[in-house]
Amino acid sequence: DFLNKKVKLFQEIAAKKSINIQANITNDLYVQADPLAIDRLINNLLDNSIKYTQPAGLIELSLTTKENQLSLLIRDTGIGIAEQNLALIFQPYYQLAHKKTTQGIGMGLFITKRIIDSIPGQIKVTSQVNQGTCFTITFTRYLPENNKFPNGQIRQTDLIAPVEINPQISLKEEAFDPQKSTLLLVDDNKEILYLLQSGLKNHFNILYAFNGKNALEKLKQIPKPDVIISDIMMDQMDGHEFFLEFLKNDELNFIPFIFLTAKTTIEEKLKSLSEGAVDYICKPFLVEEIMVKIESLLEHEKRLTRENISKMEKKIHSLFLDLNAQQNQKTTEQVKLNNLVLEHQLSNREKEVLEKLTQGLQNKEIAYDLNISVRTIDNHVHNIYRKLNVQNRIELINFINNY
C-alpha cells in the first residue's frame with residue numbers, strides 16, 4: 001500500500017512531461033527500516049528517472065520477492081549513462097554529460113546509496129546510452145512471526161511529496177546595485193546557480209553564465225565583476241579552458257577566480273591552484289561558507305588597494321621632496337655662481353662657459369652648445385682661469401665648491 005501510494009504521487013508529476021509510469025507491485029512485502037529513509041530513496045530514484053527521461057518515455061517500477069530477498073526495480077527509457085561513468089554516479093554532485101548537455105545528479109544518488117548501505121541492502125545499476133537505466137535494490141525480506149509486527153502494528157508515516165521537476169527553473173538577474181560587489185557565477189547546473197543566487201543576492205549583484213564560452217561572451221557586456229566563481233565540468237568550454245582564456249585578458253585577469261566543483265581529488269585541486277585560482281571549493285558546499293570566503297577575499301583586496309594607494313602616496317611625496325631638494329640645491333648653486341660672477345667681474349659669455357664647465361662639459365661640447373668656435377671657447381676658459389686665479393678644471397671646481 002505504501003509503494004502504491006508513492007507511485008500515484010509520481011504518476012501525476014510524470015504525466016505533465018508525458019511520461020508513463022507502470023507499476024508491478026507485490027503486496028504484503030516488508031523490509032525492516034525507517035519508513036522515512038525508504039520514502040526518501042524512492043523519491044530520489046524516481047526523481048532522477050523523470051529528470052533524465054524524454055517526453056513520451058516509460059518508467060517501470062516493480063517490487064518482487066525470491067526466497068528471503070526483496071527486490072525493488074526501477075527502469076527508465078532515459079538518456080542512459082556511459083559504462084565508464086557507472087561507478088561514479090554515487091559520488092556527491094557527480095556531473096552527467098550527454099548530447100551537449102551536462103546535468104548535475106546532485107546529492108540524490110549519494111544519499112540513496114548511504115540509506116541502502118545503512119539498512120543494509122545492495123544497489124546495482126545497469127545502463128546504455130540512449131536506451132535507459134535500471135536500478136535494482138535488494139533487501140532482506142522482513143517476515144513477521146505469525147504475521148504480527150513489533151508492538152502489534154506497522155509504523156505509519158506521512159509520505160514525502162515529490163518535488164515537481166521544473167526544467168525552466170526561474171533564473172533572473174536582479175536590478176544592478178552599484179553599492180554592492182558583483183559576482184559572476186559560471187555553472188551549467190541551473191539548480192546550483194539558483195541555490196547560489198538565492199543565498200547571495202541580498203549581499204551581491206549576481207550575474208551568471210552556463211559554461212566557459214558563455215562566460216567569456218558575457219564578460220564583454222557586463223560590468224566588471226569583483227569575483228568569478230566557476231564550475232569545472234561543463235560542456236562546450238570547461239572551467240579550466242575558461243580560466244586559461246580569461247588569463248589572456250589583461251583588463252580582467254586580476255579578478256579573483258574561485259573554482260566550485262565536485263572534482264575533489266588533491267591532484268585536481270593542485271592543478272587549479274597552480275593555474276592561478278585563488279580558492280577551490282568542493283561540492284557539496286554551504287552557501288554560508290562561500291559567503292564568508294567571498295567577503296574575506298574582497299576585504300583582502302580592499303586592504304591591498306589601500307596599501308597600494310598608501311605606497312603610491314608615499315612614493316609621490318618622496319619624489320616631490322627629492323625634486324624640491326634638487327630645486328633648492330640648484331637655486332643655491334645659482335645664487336653662488338651669480339655672486340662669483342659679480343665679484344670677479346666675469347662677462348655674460350664667460351658666465352655661460354663657466355656654467356657648462358661646472359656641468360662637466362668639454363670645450364668642444366661647450367662650443368657646440370653655444371654655437372661658437374672651439375678657439376673662442378679656449379680663450380674664454382683661459383680668461384676664467386686667470387680671473388679666478390686657478391690653473392685647471394680641478395682647481396676651478398674646488399674653488400667654486402669652497403666659495
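Reply: Start with the second largest cavity, which holds about 30 Å³ of space. Here a cavity is a set of points on a 1 Å grid over the protein atoms alone where a 1.4 Å probe fits but cannot get out, with lining residues having an atom within 4 Å of a point; points join across faces, edges and corners, and the volume is what probe spheres set on them fill. Bear in mind that this is a predicted model, so local features need pLDDT of at least 70 and side-chain atom pairs pLDDT 80 or more, while totals for chains, interfaces and linings use all residues. Residues count from 1 along each chain as its sequence is written, and side-chain values use heavy atoms, leaving out hydrogens and water.

By that rule you get two cavities of 30 Å³ or more. The lining has six nonpolar, one polar and two charged residues, where Ala, Val, Leu, Ile, Met, Phe, Trp, Tyr, Cys and Pro are nonpolar, Asp, Glu, Lys and Arg charged, and the others, Gly among them, polar.

Now the helices. H10 (residues 363–370) packs on H11 (residues 374–388) at about 110°, axes 9 Å apart; axes are lines fitted to C-alpha atoms over the stretch in contact, with angles from 0 to 180 degrees between N-to-C directions. H10 and H11 are therefore roughly perpendicular (65 to 115 degrees; under 35 is roughly parallel, over 145 roughly antiparallel, the rest oblique). H10 brings Asn363, Lys364, Ile366, Ala367 and Leu370 to the contact, and H11 brings Val374, Ile377, Asp378 and Val381, with contact meaning heavy atoms within 4.5 Å. Six of these residues are nonpolar, one is polar and two are charged.

Follow H11 along and you meet its packing with H12 (residues 393–401), at about 50° with axes 11 Å apart. That makes H11 oblique to H12. Ile384, Tyr385 and Leu388 of H11 touch Arg393, Leu396 and Phe399 of H12. This contact has five nonpolar residues, no polar ones and one charged.

Over at the other pair, the axes of H2 (residues 35–51) and H3 come within 9 Å and cross at roughly 145°. From H2 the contact uses Ala37, Arg40, Leu41, Asn44, Leu45 and Asn48; from H3, Gly108, Leu109, Ile111, Thr112, Ile115 and Ile116. Those split into seven nonpolar, four polar and one charged.

Pro120 lies in the loop between H3 (108–118) and strand S6 (121–128), and a cis peptide bond links Ile119 to Pro120, with omega about 0°. There's another backbone detail at Ser18: its phi is near 60°, a positive value in a residue other than glycine. Ser18 is in the loop between helix H1 (2–15) and strand S1 (20–25).

How values were computed:
On a 1 Å grid over the protein atoms alone, a cavity is a set of points where a 1.4 Å probe fits but cannot get out, and a pocket is an open set with protein on both sides within 12 Å along at least five of seven lines; lining residues have an atom within 4 Å of a point. Helices (H or I, at least four residues) and strands (E, at least two) are DSSP runs, numbered from the N terminus.
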